[in-house]
There are 2 protein chains.
Amino acid sequence: MSYKENYPSKLLEEAVDAISSLPGVGRRSALRLALHLLKQPAENVHHFTSAIDNLRDEVKYCRQCRMISDDDICSICSDKSRDANTICVVETVRDVMSIENTGQYRGVYHVLGGIISPINGVGPSDLTIRELTCRVAALSTEADVEVILALSGDVEGETTSFYIYRQLAQYNVRVSTLARGLGFGDDLEYADELTLGRSIINRQIFKP
Amino acid sequence: MSYKENYPSKLLEEAVDAISSLPGVGRRSALRLALHLLKQPAENVHHFTSAIDNLRDEVKYCRQCRMISDDDICSICSDKSRDANTICVVETVRDVMSIENTGQYRGVYHVLGGIISPINGVGPSDLTIRELTCRVAALSTEADVEVILALSGDVEGETTSFYIYRQLAQYNVRVSTLARGLGFGDDLEYADELTLGRSIINRQIFKP
C-alpha cells in the first residue's frame with residue numbers, strides 16, 4: 001500500500017518522511033503520529049521538538065567515563081561513595097542504565113561507545129579504549145583495581161573483550177567478565193546447548 | 001521496570017518524556033529513539049524537528065472541505081476533472097487518504113474532523129456539519145447532488161450519519177452510505193452474524 005503518492009500536503013509528507021526515518025517506525029505509523037501531533041496545541045508540539053533539539057545540542061558526556069551527563073563529570077563518577085577502583089566496561093549508555101537498575105553495582109563505568117566490528121568499519125580507535133587504558137594506567141599504582149568487561153557474548157563482544165584484555169595486560173589490574181549461564185527461572189529444556197554447556201563447566205558451589 | 005528514577009541526564013529524561021507522550025510509544029521505546037537521535041548528526045535532528053514544527057505551524061485546511069492542504073483550496077477541490085456535485089463525508093483526513101488510495105472515487109470530500117460522541121463531549125457543533133449543510137444548500141439548486149456518508153459502522157458513526165441525514169432532509173440531495181457486507185476474500189465461517197445477516201438482506205445481482 002503506497003500512501004506515498006497521495007499526500008494531500010507537502011508539509012505532511014515531509015513530516016512523515018522525517019518521522020519514518022526513526023528506527024522501527026514505518027510510514028503508516030509515521031502518518032498516524034504526524035496527524036496526532038497536528039491535533040495537539042502548538043505549544044505542546046514545540047515543547048516536544050525543543051526537548052529533542054535540546055537533548056541533541058546540549059547533552060554532555062562525562063569526561064571520565066563518557067556516560068551521558070548534564071555536567072563535565074557524571075553523577076556516578078562524582079559520587080564519593082562509589083568504588084572508583086572498580087571500572088565496568090560497557091558498550092552503550094543504555095547498558096549503564098540497565099546495570100544501575102539492578103542496584104547491585106557500586107563501582108564506576110567506562111562507556112566504549114560501540115564494539116569492535118570490522119564488518120561495520122568500527123575499529124579500536126573509534127571507541128574509547130585509549131581513554132580506558134589511560135584511566136587504568138593512572139589507577140594501577142593502587143592496590144586493588146578491577147576492570148569488569150561487561151560486553152555482549154557474541155563474536156564482536158568477545159573480540160572486543162580480548163582486545164581490551166591484551167591492552168590492559170601490562171598494568172597491575174584484575175580483569176573479570178560477567179557470569180554467563182542459565183537465566184534465573186530458565187528451564188533446562190529450552191536452554192541452548194552452548195549456554196547449558198558453559199553452565200556445567202562454570203558450575204558454582206551450592207549456597208542455599 | 002522503572003527507568004524513570006535513573007536517568008543519567010535531565011535533558012535525556014525530558015526528551016524521553018516528550019517522545020513517550022506520542023500514542024503507542026512507551027518509555028522504553030522512547031529511550032531507544034532518544035539515544036538513536038543522539039547518535040545522528042545535529043543537522044539531521046534539526047531537520048527532523050523542524051519538519052514537525054513546520055507541519056504544525058504552517059499546515060492549512062481547505063476552506064471548502066477542511067482537508068489538510070498547502071493552499072486555501074486543496075488539490076482535490078480545485079481539480080476541475082472531479083465531480084463537485086458528489087460529496088463524500090468522512091471523519092478524518094486519513095479517511096480521505098484511504099479512499100483516494102482506492103482510485104475508485106472521482107467526487108469531492110467533506111472532513112467532519114470527528115464524530116458525534118456524547119461520552120467524549122463531542123457534539124454536532126464541534127464538527128464541520130454546519131459548513132457541510134452550507135455547501136449542500138449552495139449546490140442543491142443543481143440537478144443531481146449526492147452526499148455519501150462514509151462514516152464508521154459503530155453506534156457513534158450511525159448516530160452522526162443519522163444526524164447529518166436529518167440536517168440534509170430539507171435539501172434536494174440524494175444521501176447514500178457505504179456498502180457493508182463481507183470483505184473480499186472473507187470466509188463465511190468467520191464472519192460475524194450481524195455482517196453476514198446484512199450481507200444476505202442487501203444481496204446484490206450476481207454479475208460474473
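Which helix of chain B is B:Ile19 found in? Keep that in mind for a second while I do the housekeeping. What we have here is a predicted model, so local features need pLDDT of at least 70, side-chain atom pairs count only at pLDDT 80 or more, and totals for chains, interfaces and linings use all residues. Residues are numbered from 1 along each chain as its sequence is written, while chains are lettered from A and ligands numbered from 1 in the order in which they are written.

Okay, back to the question. B:Ile19 is found in helix H1 of chain B.

Is B:Ile19 buried or exposed? It counts as buried, because it has 23 C-beta neighbours inside 10 Å. The cut-offs go like this: 20 or more other C-beta atoms within 10 Å of a residue's own is buried, 12 or fewer is exposed, and in between is partly exposed, with C-beta atoms placed from the backbone. Leaving aside neighbours within four places in sequence, B:Ile19 is in contact with B:Val25, B:Ala30, B:Leu33 and B:Ala34. Contact means that the C-beta atoms, placed from the backbone, lie within 7 Å. B:Tyr165 is another story: its C-alpha is separated from that of B:Ile19 by 41 Å, and the two are 146 residues apart along the chain.

Now hop over to chain A. A:Lys60 lies in strand E1, residues 60–61, and counts as partly exposed because it has 15 C-beta neighbours inside 10 Å. Not counting residues up to four places away in sequence, it touches A:Ser69, A:Asp70, A:Asp71 and A:Asp72. As for domains, chain A is divided into domain 1 (8–58) and domain 2 (83–177), with bounds that come from an automatic or database domain assignment. Their C-alpha centres lie 37 Å apart.

Next, some strands in chain B. E5(B), residues 146–149, is joined by four bridges to strand E3 of chain B, residues 83–90, and they run parallel. For strands to pair, DSSP has to find at least two bridges between them. One example is B:Ile87, whose bridge partner in E5(B) is B:Val147. E5(B) also has four bridges to strand E6 of chain B, residues 174–177, again parallel. There, B:Ile148 stands opposite B:Ser176.

Finally, how do the two chains fit together? Chain B can be laid on chain A with an RMSD of 0.0 Å by a turn of 180 degrees and a shift of 0.0 Å along the axis. So the two copies are related as by a two-fold rotation axis. The superposition is by least squares on the C-alpha atoms of residues with pLDDT of at least 70 in both. In chain B, the C-alpha nearest the axis belongs to B:Thr49, 2.6 Å from it.

The contact takes 47 residues from chain B and 47 residues from chain A. On the side of chain B that touches chain A, the largest share, 14 residues, comes from H3(B). And 100% of the interface residues of chain B are also interface residues in chain A, so the copies meet through the same surface.

Key: Helices (H or I, at least four residues) and strands (E, at least two) are DSSP runs, numbered from the N terminus.
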